[in-house]
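Hi there,

Here is the structure I promised to pass along. Have a look at it first, and then read on for what turned up.

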Amino acid sequence: MSTAADSLTDHHHHGPAKGIRRWLFTTNHKDIGTMYLVLSLSSLLIGGLMAFVIRMELFEPGLQFVDPNFFNQMTTMHGLIMVFGAVMPAFVGLANWMVPLMVGAPDMALPRINNWSFWLLPFAFTMLISTLFMEGGAPNFGWTFYAPLSTDYAPPSTTFFIFSVHLMGVSSIMGAVNVIATIVNMRAPGMTYMKMPLFVWTWLITAFLLILVMPVLAGAVTMLLMDRHFGTSFFNAAGGGDPVMFQHIFWFFGHPEVYIMILPAFGIVSHIVPTFARKPLFGYTSMVYATASIAILSFVVWAHHMFTVGLPLVGELFFMFATMLIAVPTGVKVFNWVATMFRGSMTFETPMLFALAFIILFTIGGFSGLMLAIAPADFQYHDTYFVVAHFHYVLVPGAVFSIFAAVYFWLPKWSGRMYSETLGKWHFWLSVIGVNLTFFPMHFSGLAGMPRRIPDYALQFADFNMISSVGAFVFGFSQLLLIWVVVRCVRGKGEPATEQVWEQAEGLEWTIPSPAPYHTFEEAPKVS
């Protein structure tokens, strides 16, 4: 009988698996975390190239480079790849790397499932991207794939898109189960829930959100599949269905999903700000409760994406006030971060710069979200570039900047090398200028009435679009600096990282030492 450990061992050399086998079969949470982060970076670049196509086309009015159908394929694929391929795998990768270290566990609770939930993703994304080369092209109905665009008018490749989404969902659910099992069952003795680092807390709550909403997305795409291939009429009014029901189902997944993409960011920033302000986080308990409140409220606000579908007035009022209520716990968090910095001995290394930009720019995104929450105003803003500006301020300087901050913060721990502070700061300033040049003018074009998801526009929007496109190229190309920084560290260039990279106030960070890497869970040192 061969044990699981043997099956992961190269039989010729009777040692731990080497080369490609190490990465294919690894159950080590650090290797898996690294693979998630590499996948995320490649998705960021592919999704970024699609954004380049969009911004190139919109550089000036008229149709320049691509036909409208391909433009729509680009907006759809850009959204799907950035959400499911760049942001979510990055946070899962950070969770894999850091959660076991932070709770004092030797690995994740379910290491084989951990390997499987990663390897589903390259296949899912290969399927998704392959739709670009199929007859009729890739899905062209937007990342929200509203029926009937995605049922009656969609290209044949939609079926591949549906299967790809299913695979991503399976991967997310297994990853979330693993995070919960690890945090609940494998904390070091004495680490009560209210002593856990905040990144662990935000991920515990995020994992519950994932388990609750991914099946809803699965249901939506399954009904889509049935309507397309099996003659049902879930979303077809002619057969007694309802296209607006699709939106309810989609956004019941989609709204908690956007919180899934920001809660781990809150956890990251809650580690970085105290470290570089050199004092403990202000209001730990209120941070935990605020995170939980945001997660619960995220389930009762979905229809604020649908103010214009003809909801009953009482529905509009309910969703308007419920949405505004989310601003309260979010405001508590921003207050606590600012209070943490108040009278701290602050220094401004790259992780702190990204964390500060996160707080300022995410707050701008929050305020434009509050504007969109006002139902009568939303009738004007809906489906304009104002909405695009809003969610990009939340997702780019929000989620993506927090991921950058985490990479700079933990890279010395991962690679044993210090990154180049000069390159890091160049990356920061170019990113922050590029992001604001890209997305700030969109508020103005949106308020002036420019609709979303169109390849051409009226002359009066030309100047703002030109600025946005220039900003997009600045932001996109500045990410090459990030790749350079990371590659230098991984290849062992740069100063060796010391035992304690960031000078910290006593007892701020988790202090559990990182055990030497081993590559199968079965080889782990036994914890007495």
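To start with a question: in which helix is H390 found? H390 belongs to helix 14, which covers residues 385-415. Please keep in mind that this is a predicted model.

H390 has a relative accessibility of 17%, and because buried means under 20%, this residue counts as buried. A polar atom of the H390 side chain lies 3.2 Å from the backbone nitrogen of G369.

Next, the cavities. How many of 30 Å³ or more does the structure hold? There are three of them, and the largest cavity has about 90 Å³ of space. Its lining is made up of Y36, F84, M88, P89, V92, L121, M168, S171, S172 and G175. Helix 4 (68-103) and helix 6 (158-185) are the elements that each give two or more residues to that lining. By type, the lining residues of the largest cavity comprise seven nonpolar and three polar ones, with no charged residue.

Finally, a look at V490. This residue is in helix 16, residues 462-490. Is V490 buried or exposed? V490 counts as exposed, because its relative accessibility is 62% and the cut-off for exposed is over 50%. The C-alpha atom of V490 is 9.6 Å from that of P412, although 78 residues separate the two along the chain.

Happy to talk any of this through.

Best wishes

Key. Residues numbered from 1 in each chain as written. Predicted model: local features only at pLDDT ≥ 70, side-chain atom pairs only at ≥ 80, totals over all residues. Heavy atoms only, no water. Helix = DSSP H or I, 4+ residues; strand = E, 2+ residues; numbered from the N terminus. Buried < 20%, exposed > 50% of the residue type's maximum accessible area, 1.4 Å probe, protein only. Polar contact = N/O pair within 3.5 Å; in protein donor to acceptor, adjacent residues only side chain to side chain. 1 Å grid on protein atoms, 1.4 Å probe; cavity = no way out; pocket = protein on both sides within 12 Å on 5 of 7 lines; lining within 4 Å. Points joined across faces, edges and corners; volume = space filled by probe spheres on them. Nonpolar A, V, L, I, M, F, W, Y, C, P; charged D, E, K, R; others polar.
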